[in-house]
Amino acid sequence: MSARPSICTLACITALFLVACGGGGSSVAAEPSPTPTPTPAPTPTAPQLSTLRSDLQSPWGIVQLPDGQWLVTQKGGSLLRLPASGQGPMVAISGVPAVASAGQGGLLDVAIDPDFASTPWVYLSYAEPGQGAEAGKSGTAVARGRLVGNALLDVATIFRQAPKVSGGGHFGSRLVFARDKSLFVTLGERQLGAPAQDLAQTLGKVVRIQRDGSIPSDNPSFGSGARAGLWSIGHRNPQGAALHPGTGELWVSEHGPQGGDEINIARAGANYGWPIKSYGCHYGDPISEGCRLGGGVHAPSYVEPLTYWVPLSVAPAGLVFYTGSMFPEWQGQLFSGSLAGQALWRLQLSGNTVQSRTEMFKDQGERIRDVRQAADGALLLLTDSGKLLRLAR
């Protein structure tokens, strides 16, 4: 009789079989699954500059209406309504005040009321021709009218720069509403220099008024004899202005003489030094540090600019802080058009410090007059050659 395997022998064989097959005891770890390769994030599309139209005539200012349409000023004196796309038929708006269109003067900036949906006021800055004893002279003025259909109604002038003077340069002028719905107006010194320090005049100043033209009770005091409405003084020709989205402060860009263009925060009661101090030089002077007006350095008597351009002017114009989602990498950065520089400047900020400046689209050869952010996050640019450009991705 053959011998039968013992119970122990069968148990051992079974255990060996289970180990070989990977089963049985919990002490045998399963082979780990491979880690999946992460999907790389898509590379953002490079910003693209396209031309929406090229049939404008010396456009100066642009603003988007709540319904997406655009209002554009033309220096010759016309206010246009454009479709939301920026393309297609334009409509002229009637009721625009008469302007002195000569030199740098004409119909300039445009802004809409903070409560436009219920009170559809449109605000215009312009070179106003003088009358009577001031015939042949001009000065920056601000008017407003209610936009009804394609007409401005109840048009009234709510501010006049004083005095009106001869010449066709340095009118400013940008319109920016503060958070409290008061209105900042930037004013050039009409190429006269010294009036920027004269408190009895509004040349070379930033003024702050209410929407009806009255003076806010909390404006800074410059002492007896000072013109009503003054906010800051010592400006040359501020052609860009924007409200900081975080602090609510007014930032301005202004033209220097030969070099010395500046970016400043226009603060209540502050003096920015023109024409006593500038990092620029008088026209015709050989460019060097030695020709800077007053030695260049503004402090301690005057406010130092946040940044300045030397040795040559770029003539900054139009200013906007980027807050859109189309270019998240540009959040909080400052954009400025430039005229002589024929470029778009992007300024990277850390708080109030300008960390770097990047010149963009120099190859386009365009004098960029205004820069605005559209509701979709694109940037729209106006050029002196009559183009409306869109920067998008």
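A charge is said to sit over a ring if NZ of Lys or CZ of Arg is within 6 Å of the ring centre and within 35 degrees of the ring normal. The views below are taken from a predicted model.

**View 1. Arg357 and the rings of Trp309 and Trp345.** In this predicted model, the charged end of Arg357 sits over the ring of Trp309, at 4.3 Å from the centre of that ring. Arg357 also lies over the face of Trp345, where the distance to the ring centre is 5.7 Å.

**View 2. The open sheet β6-β7-β8-β9.** Four strands, taken in the order β6-β7-β8-β9, make up an open sheet with antiparallel pairing. Strands β6 (107-112) and β9 (151-160) stand at the edges, and each has a single partner strand, so one side of each is left without a neighbour in the sheet. From one strand to the next, the twist averages 25 degrees. Strand β8, which covers residues 138-148, pairs with β9 in the antiparallel sense over seven bridges, and Ala143 stands opposite Thr157 in β9. In general, strands of a sheet pair through backbone hydrogen bonds, in either a parallel or an antiparallel manner.

**View 3. The stacked pair of Tyr279 and Tyr308.** A search of the whole structure finds 10 aromatic pairs, and one of them is shown here: the ring centres of Tyr279 and Tyr308 are 3.9 Å apart and the planes are at 0 degrees, so the pair is stacked. Tyr279 lies in the loop between β16 (261-266) and β17 (307-309), while Tyr308 lies in strand β17, so the pair ties together parts that are 29 residues apart in sequence. Tyr279 is buried, with a relative accessible area of 8%, whereas Tyr308 counts as partly exposed at 28% relative accessibility.

View 4. The rings of Tyr322 and Phe327 form an edge-to-face aromatic pair, with 6.0 Å from centre to centre and 65 degrees between the planes. Tyr322 is buried, with a relative accessible area of 0%, and Phe327 counts as buried at 0% relative accessibility. Taken together, Tyr322, Phe327, Trp330 and Phe335 form one aromatic cluster.

**View 5. The salt bridge between Asp55 and Arg53.** The structure has a count of 20 salt bridges, among them the one that joins Asp55 to Arg53, in which the closest N and O atoms are 2.8 Å apart. Asp55 is partly exposed, with a relative accessible area of 37%, whereas Arg53 counts as buried at 9% relative accessibility.

View 6. Asp370 is buried, with a relative accessible area of 1%, and Arg174 is buried, with a relative accessible area of 2%. Asp370 also forms a salt bridge with Arg372, for which the closest N and O atoms are 3.3 Å apart, and Arg372 counts as buried at 18% relative accessibility. Through salt bridges that share partners, Asp109, Arg174, Asp370 and Arg372 are joined into one network.

Notes. Residues numbered from 1 in each chain as written. Predicted model: local features only at pLDDT ≥ 70, side-chain atom pairs only at ≥ 80, totals over all residues. Heavy atoms only, no water. Pairing = 2+ DSSP bridges. Helix = DSSP H or I, 4+ residues; strand = E, 2+ residues; numbered from the N terminus. Axes fitted to C-alpha atoms, helices over the stretch in contact; angles between N-to-C directions. Phe/Tyr/Trp six-rings, centres within 6.5 Å; stacked < 30°, edge-to-face > 60°. Buried < 20%, exposed > 50% of the residue type's maximum accessible area, 1.4 Å probe, protein only. Salt bridge = Lys/Arg side-chain N within 4 Å of Asp/Glu carboxyl O.
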